[in-house]
Amino acid sequence: MLDFAIYEGAKTMFESNLGLGPFVILSLAKSIPPGSCVYHDRHFTTVPLIEEMEKLNLHSTAPKIVQNYNKFMGGVDVLDQQMEYYRTFLKTKKWTLKVLIHFLDLALVNSWRLYNNDCVANDLPRNKKMPLLDFRMDIADTLSCTPDHPRRVEGDDDSVPVPRREYKIYRPANAPSAAKRYDGYEHYPISDDIKAPRTCRMENCESRSKIKCEKCDVYLCLSRDKDCFKSYLIGSA
Ligand SMILES: [Zn+2]
Ligand SMILES: [Zn+2]
């Protein structure tokens, strides 16, 4: 997606003698690189519009190119459909928040589509490709893993640390996403004040440890004899 306009009712855009539909297309077309081919709904197509578009060195769809039209116009519908798969649910009546969340979802779907292009360009087998849901989870995990202690920026004094949820019964944290685990950033070992050590999360390690990575929230051996901590985070056993 290159540009957008939020429909705010009849006053959304300035009136023009072309009519609202063609005017919307012309306004949005300003963000398109010259020489592009523009596909739009038949309802929007008028002769003055096509003339105006040619002035901008943009090619409007002629009714003849129905095959291409169906092929590319489908892109918009596919985007809409992918947006619906995993919409962020937010119970609010504030339109500002809804718009914000909508664009967050849109950015996620857009980046997943770019990721798909990269997968194709790199001949990645289909079964190795990350589905949209995993892609979203990975990003959410990476973004929400900021350590508890506030990272102070000068002049920014109203940052409040988010309290960590306390579980009465120990429940091992979910394995961190690969993006988080291998980002090499702020993985600090902390010694937990627990009675019994917990199972080390290093693959193939059956030892127990009281040391955990603060960021990933997983227990890992860290002693003179065993350094699962480092191996776990750099990705080599
Ligand atoms: Zn970590
Ligand atoms: Zn271990």
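Trainee: Let's start with the rings. How many aromatic pairs does a search of the whole structure find?

Mentor: A search of the whole structure turns up two aromatic pairs. Keep in mind that this is a predicted model. One pair is Y85 with Y86, with 6.3 Å from centre to centre and 55° between the planes, and it is tilted.

Trainee: What about charges and rings? Which ring does the charged end of R181 sit over?

Mentor: That would be the ring of Y232, with the charged end of R181 3.6 Å from its centre.

Trainee: On to nonpolar cores. What's the general idea?

Mentor: In soluble globular proteins, nonpolar side chains tend to be buried together. Here the largest nonpolar core has twelve residues, Y232 being one of them. Its other members include M202, V218, L220, F229 and L233, along with cysteines such as C200, C205 and C228.

Trainee: Which element gives the largest share of this core?

Mentor: Helix 7 (residues 228–234), with four residues. Look at L233: leaving out residues up to four places away in sequence, L233 touches R181, Y182, H187 and C216. There is also a second, separate core of nine residues, and among them are L79, M83, Y115 and L132.

Trainee: Next, salt bridges. How should I think about them in general?

Mentor: Side chains of opposite charge can pair when their charged atoms come close. In this structure there are six salt bridges. One of them joins E84 and R87, whose closest N and O atoms are 3.0 Å apart. E84 is partly exposed at 48%, and R87 is partly exposed at 36%.

Trainee: How far apart are the closest N and O atoms of D105 and R136?

Mentor: They are 3.1 Å apart, and the two residues form a salt bridge. D105 lies in helix 4 and R136 in helix 5, so the pair ties together parts that are 31 residues apart in sequence. Both D105 and R136 are buried.

Trainee: And which residue does D183 pair with?

Mentor: K215, and the closest N and O atoms in that salt bridge are 2.6 Å apart. This pair also links distant parts of the chain: D183 is in the loop between helix 6 and strand 3 (189–191), and K215 is in the loop between strand 6 (211–213) and strand 7 (218–219), 32 residues apart. D183 is partly exposed, at 31% relative accessibility, whereas K215 is buried, at 7%. Salt bridges that share partners also join D192, K212 and D217 into one network.

Trainee: One last residue. Where is S177?

Mentor: S177 is in the loop between helix 5 (132–143) and helix 6 (178–181).

Trainee: Why does S177 count as buried?

Mentor: S177 has a relative accessible area of 9%, and the cut-off for buried is under 20%.

Trainee: So which residues is S177 in contact with, leaving aside its neighbours within four places in sequence?

Mentor: Its contacts are D138, D141 and T142. As for D134, it is 43 residues from S177 along the chain, and their C-alpha atoms are separated by 9.6 Å.

Note on methods
Residues numbered from 1 in each chain as written. Chains lettered and ligands numbered in written order. Predicted model: local features only at pLDDT ≥ 70, side-chain atom pairs only at ≥ 80, totals over all residues. Heavy atoms only, no water. Helix = DSSP H or I, 4+ residues; strand = E, 2+ residues; numbered from the N terminus. Buried < 20%, exposed > 50% of the residue type's maximum accessible area, 1.4 Å probe, protein only. Contact = heavy atoms within 4.5 Å. Phe/Tyr/Trp six-rings, centres within 6.5 Å; stacked < 30°, edge-to-face > 60°. Lys NZ or Arg CZ within 6 Å of the ring centre and 35° of its normal. Core = buried A, V, L, I, M, F, W, Y, C linked by side-chain atoms within 4.5 Å. Salt bridge = Lys/Arg side-chain N within 4 Å of Asp/Glu carboxyl O.
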